[in-house]
Amino acid sequence: MLWGIADGLWAAPGLVARTLADLPSAARRVPEALLDLGVSALLLGFRRPAATLCLILLVTGGSIAAAAAAPIFRDLEGTASRGPRPQSAPKPAPNRDLARRPAPPAPPEVAIQLAALDPGFPRAVGIAVMDVQTGWIASVQGDRSFPQQSVSKLWVALTVMEAVDAGRLSLDQPVTLTDADRSVFNQPITHLIENGVYQTSVGDLVHRALIQSDNAANDKLMALAGGPAAVQAFLASRGMSGIRLAEDERRLQSRIAGLVWSPELSTYGAFEAARARLDPEARAASLAVYVENPYDGATPAGVVRALAALQRGELLSAASTRFVLDTLARTTTGPTRLRGGLAPGWHAAHKTGTGQDFRGETFGLNDVGLVTAPDGRTYAVAVFAPQVPKGSPYRLQVFQKVSSAIVEHWRGGQAPALDSASASRAD
């Protein structure tokens, strides 16, 4: 019996051809009622062709022929109905929360160094460092929510890449930007809009949003992803608690300033002019409300957990993970923040965030990312400074000293030399 089935499997293609050729004569031998049943099954076969062909073979060629041909028809049916498969991405467990994972305590010397980095800014700085391999976290104000500013572009990009993994978007998918897509502040892509139109792609928008921190590119990506709710849903699906997303850049920045976004503000200089007409005290009050309870708030500990999960490949497919990390490694903003405290041989993949200036202070000066030692050991790091005097000598040093503390820990207690000139460079 087994040998007969095996022979049937090897002979399946020829058997199928012969059976189909014999269908007319075979049909004449089938009772009328059974023929009616076969015709009905054939009509249903437009929906399930594999099952129908197997039924025909069963009637005309016997059970061995049907069993032998079934895998062939099933594979053909599956290929035709599925089409190209999207890349597989990690499947998140229900209600998984990265914050619930057990982790060893942080090295005491790292925690002590971070606690001693108080720069004396008007508001406390939030810091978190995580060893991606072991999972320990050292932090200062690690569970407090801080304004993200453009750090939030990272979560928008991850949501878009999850859609790429699922086949809902593709990196080479064409995208048209128009004058209606103009945002506020830094948006170099809008200089390419000529005669009201600029043709680009999803992949190009991701590059611009992460590398150049382009607000218009980010806003378009958020719309393609499904809006702030879609980004928040993605964060929740991967257990990235402690991170909140409010609105796109143009609406967020308008709200922070005390304005309500309208299309008229997209004209060059219109937003700044409207903001300048606001009562200074009203604007100060709006900024204070934002910093105290940021609409785009994130905790440093939540951010480093998310970054570590990204590095470990737990958020996206392998190809999308590499695409995001390679893009973050090309970031051009904030070259002297976290990067400024790293020693030769170290590498950083990071995303900065910079808020609005008012009365000589910056409301939101941030940098988060993954820093990798020469031996490949990687640390996730987040530094959030919610209110920073523009003339403070510690404006950049607080970022650099956090990086330096990581290098010192990796070296076993030997601190790298900091470039003092970098503290006064553009941030």
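Reply: Strand E7 contributes the largest share of the lining of the largest pocket, namely three residues (helices, H or I, of at least four residues and strands, E, of at least two are DSSP runs numbered from the N terminus). The model is a predicted one, in which local features need pLDDT of at least 70 and side-chain atom pairs count only at pLDDT 80 or more, while totals for chains, interfaces and linings use all residues. Residues are numbered from 1 along each chain as its sequence is written, and side-chain values use heavy atoms, with hydrogens and water left out.

Helix H12 (249-257) and strand E7 (347-354) each provide at least two residues of this pocket's lining. In total, 20 residues line the largest pocket, and those nearest its centre are Ser 150, Phe 185, Asn 186, Thr 354 and Gly 355. A pocket is an open set of points on a 1 Å grid over the protein atoms alone, with protein on both sides within 12 Å along at least five of seven lines, and lining residues have an atom within 4 Å of a point. The space in the largest pocket is about 360 Å³, a volume being the space filled by probe spheres set on the points. By class, its lining comprises 13 polar, six charged and one nonpolar residues (Ala, Val, Leu, Ile, Met, Phe, Trp, Tyr, Cys and Pro are nonpolar, Asp, Glu, Lys and Arg charged, the others, Gly among them, polar).

A search of the whole structure finds one cavity of 30 Å³ or more, a cavity being a set of points where a 1.4 Å probe fits but cannot get out. The largest cavity contains about 30 Å³ of space. Its lining is formed by Arg 123, Arg 144, Ser 145, Phe 146, Pro 147, Val 291 and Pro 386, which divide into four nonpolar, two charged and one polar.

Thr 333 is located in the loop between helix H16 (318-328) and E7. Leaving aside residues up to four places away in sequence, Thr 333 touches Ile 211, Gln 212, Ser 213, His 350 and Thr 352, where contact means heavy atoms within 4.5 Å. Although Thr 333 and Ser 213 are 120 residues apart along the chain, 7.3 Å separates their C-alpha atoms.

The axes of helix H8 (residues 153-166) and helix H9 (residues 202-211) cross at roughly 160° and come within 10 Å (axes are lines fitted to C-alpha atoms, for helices over the stretch in contact, and angles run from 0 to 180 degrees between N-to-C directions). H8 is therefore roughly antiparallel to H9, a description for angles over 145 degrees. Lys 153, Leu 154, Ala 157 and Val 160 of H8 form this contact with Val 202, Val 206, Ala 209 and Leu 210 of H9. Seven of the residues in the contact of H8 with H9 are nonpolar, one is charged and none is polar.

H8 also packs against helix H11 (residues 228-237), their axes coming within 9 Å and crossing at roughly 80°. H8 and H11 are therefore roughly perpendicular, the term for 65 to 115 degrees. Here Trp 155, Val 156, Leu 158, Thr 159 and Glu 162 in H8 meet Ala 230, Val 231, Phe 234 and Leu 235 in H11. The contact of H8 with H11 has seven nonpolar residues, one polar and one charged.

Elsewhere, helix H7 (residues 108-115) and helix H17 (residues 397-411) have axes that come within 10 Å and cross at roughly 160°, so H7 and H17 are roughly antiparallel. From H7, Glu 109, Val 110, Gln 113 and Leu 114 meet Val 402, Ala 405, Glu 408 and His 409 in H17. This contact of H7 with H17 has four nonpolar, two polar and two charged residues.

How values were computed: Parallel < 35°, antiparallel > 145°, perpendicular 65-115°, else oblique.
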